[in-house]
Protein chains: 4
Amino acid sequence: MPDNVAEACVEFNHHLLTLRLRGTVRRMSTPDSTATPQDPRFESRVRDSFALQTVMATLGAALSRVAPGEVDIALPFRADLAQQHGFVHAGILATILDSACGYAAFTLMPADAAVLSIEFKINLLSPAAGERFIARGRVLRSGRTISVCQAYGFAISGGAEKLIATMQGTMMCVRDNPALRG
Amino acid sequence: MPDNVAEACVEFNHHLLTLRLRGTVRRMSTPDSTATPQDPRFESRVRDSFALQTVMATLGAALSRVAPGEVDIALPFRADLAQQHGFVHAGILATILDSACGYAAFTLMPADAAVLSIEFKINLLSPAAGERFIARGRVLRSGRTISVCQAYGFAISGGAEKLIATMQGTMMCVRDNPALRG
Amino acid sequence: MPDNVAEACVEFNHHLLTLRLRGTVRRMSTPDSTATPQDPRFESRVRDSFALQTVMATLGAALSRVAPGEVDIALPFRADLAQQHGFVHAGILATILDSACGYAAFTLMPADAAVLSIEFKINLLSPAAGERFIARGRVLRSGRTISVCQAYGFAISGGAEKLIATMQGTMMCVRDNPALRG
Amino acid sequence: MPDNVAEACVEFNHHLLTLRLRGTVRRMSTPDSTATPQDPRFESRVRDSFALQTVMATLGAALSRVAPGEVDIALPFRADLAQQHGFVHAGILATILDSACGYAAFTLMPADAAVLSIEFKINLLSPAAGERFIARGRVLRSGRTISVCQAYGFAISGGAEKLIATMQGTMMCVRDNPALRG
């Protein structure tokens, strides 16, 4: 990564947050960084839970990446998911960004945990026009009860990715409710 | 409305915001209250635009009320819109709350305007379990370019309504883009 | 409250949420409504904790009302709290709205609890110009761990109140950290 | 930046947004990237406007960096800015993060523009304990009217930086109001 294009950079995986400013790399621990997931079977837990989210099949969304503290979800464009101008509806984008946040947090939770969204906030930067869309969720802080995540939404057209939405959300780890698993 | 049940109350239609505290009614003008919509055909503009939102038919959502500064959208429960525990996905709720906000703002915009969501934030108060759901959007401030809205999401079961989600969002009035109408 | 001025109304004290639409009053229980605070000494707990918030004295802010699920904080205008145009800075408004949310939630928490802000979102509806400002915080949902609140910020000039800001935030009840009280 | 510590990275200056995943660098243009500020005197405009924010002197905050699309603000700890547990109040952190967002956006605005905050949302990741604090604001999208920014808040103790807060906000470029400059 040449210095002349990278003035500021935040790495926000769960290990390390780095802010690159004018070519100088500063490393800072995140508040509750965890070197390894508590549950080595985190990926299958995420895939099993995602398979239960019936809305994902209804929308045509699929898990495209599962890593500690990071989950990506892909959604091909469909004309029947549009708002009034023919772009994908902001709420549908929010659906995949929210799940990307939730499952990113879920990768770092204990094996018996369920994950719930407490809240999220999304900014729409550009209309959701493209062949397909990717939501990339990342954990900023993984706490015992509360996890804070970001997700970035990209539109892909002709091989180029464009940032079209950004989310900041709060996820909850639930362990004492036998009715909630995954 | 007996005083003993109503200690605090905010009326947030576009005419008037009232805060009732301990039985005393205080009336305050909203920052940009507008007595009447700029376009008397606001309802048909909303209904025409809603009909273009293909995602609404895909989800089974319908406009249930259009008034100046206020729009409600109803969504029957469907098992194929669920997250992993069988509740309606937070993003699907956000979809109808966002449209309720956007169209509430749209009722107060001029006839040639298009409406776009800049951002929204939603809190999930309780799992979205119920026979059907209603999103009630209301304008807090209607400005020339920026409108600020709230929406409240309710679950309906056996005739009882329960508040399950609340949204605060920012909508934009676009008038200079010929590609965007409605 | 005459019907012709009140088309939509939400009462959001902790007992009851009511939505008035076109003169019809619908009553709905809030998700976790609590008829009475768990701790009858809630008001003194709020006042003691507020007195420890040194920033409130620094800003000149004062508690003006404490009721179950509802707390108001007043702030006189001061020229040394301004942003570049001479209005009170949005972050200073956010400071009193956040504390109003936190203490509104705190009134419904058990006697040994501490309250922390997880997150908040504020919309600025109009510049903060006025003789003084009031933040009115209200609980929408009071849960065991998570409370969801709204706060409304008003500017007061010549006896008239104007809505200038609205907040939606998430507060946490902490009971297991001996270092945190109040 | 060694590959083994940097799995995911977003560069979010106004030139370029890059997401590094597992050592692969993907470059994506931001929606409205601008290679150079419209006004070459952007830094003095920011410094002049900041000097008018009287609240910054009241809090003891100072501009520590101004670059295209990026502004940092530093705040030494002061016991008279605390919440009830002795940490800096979330609203005071929000004050410097909001100004960092606003001035980051302002660097990319035309010479006659004024900047106003429409809204912001902040997550508090850890208590604001430390010797001093830095808010690093960055532009994600710079539009003609609307700019979307992020700010990250760090606590500094013994030379180590810790991420304690993250903000996502919307800023407005105002050009037609003679009463608002800067």
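Reader: Which strands of chain A form a hairpin with 3 residues between them?
Author: In this predicted model, E7(A) and E8(A) make up that hairpin, and 3 residues lie between the two strands.

Reader: And how many bridges hold E7(A) and E8(A) together, and in which sense do they run?
Author: Strand E7(A), covering residues 132-142, is joined to E8(A) by 10 bridges, with the two strands running antiparallel. Within that pairing, Arg136(A) has Tyr152(A) of E8(A) as its bridge partner.

Reader: What is the bridge partner of Tyr152(A) in E9(A)?
Author: That partner is Thr166(A). Strand E9(A), residues 160-174, is joined to E8(A) by 12 bridges, and this pair is antiparallel.

Reader: What sits in the turn between E8(A) and E9(A)?
Author: These two strands also form a hairpin, with 2 residues between them, and Gly158(A) in the turn has a positive phi of about 55°.

Reader: Switching to chains C and D, how much area do they bury between them?
Author: The two chains bury about 2,900 Å² between them, and 57% of that area is on carbon and sulfur atoms. As for residues, the contact draws 39 from chain C and 39 from chain D.

Reader: How many salt bridges does the rule find across it?
Author: The rule finds 2 salt bridges across the interface of chain C and chain D. One of them links Glu119(C) with Lys121(D), whose closest N and O atoms are 3.0 Å apart.

Reader: And how many residue pairs are in polar contact?
Author: Counting pairs in which both residues have pLDDT 80 or more, there are 28 residue pairs in polar contact between chain C and chain D.

Reader: Which elements of chain C supply at least two residues each to the side that touches chain D?
Author: They are helix H1 (42-52), helix H2 (54-59), helix H3 (90-106) and strand E6 (114-124) of chain C. E6(C) gives the most to that side, with 11 residues. By residue type, the side of chain C that touches chain D comprises 19 nonpolar, 14 polar and 6 charged residues.

Reader: What does E6(C) pair with on chain D?
Author: E6(C) pairs with strand E6 of chain D, residues 114-124, in the antiparallel sense over 5 bridges. Within this pairing, Ile122(C) stands opposite Phe120(D) in E6(D).

Notes
Residues are numbered from 1 along each chain as its sequence is written. Chains are lettered from A and ligands numbered from 1 in the order in which they are written. This is a predicted model: local features need pLDDT of at least 70, side-chain atom pairs count only at pLDDT 80 or more; totals for chains, interfaces and linings use all residues. Side-chain values use heavy atoms; hydrogens and water are left out. Contact means heavy atoms within 4.5 Å. Buried area is the accessible area (1.4 Å probe) that two parts lose on being put together, summed over both. A salt bridge is a side-chain nitrogen of Lys or Arg within 4 Å of a carboxyl oxygen of Asp or Glu. A polar contact is a pair of N or O atoms within 3.5 Å; within protein, one must be able to donate a hydrogen and the other to accept it, and residues adjacent in sequence count only if both atoms are side-chain atoms. Helices (H or I, at least four residues) and strands (E, at least two) are DSSP runs, numbered from the N terminus. Ala, Val, Leu, Ile, Met, Phe, Trp, Tyr, Cys and Pro count as nonpolar, Asp, Glu, Lys and Arg as charged, and the others, Gly among them, as polar. Two strands pair if DSSP finds at least two bridges between them.
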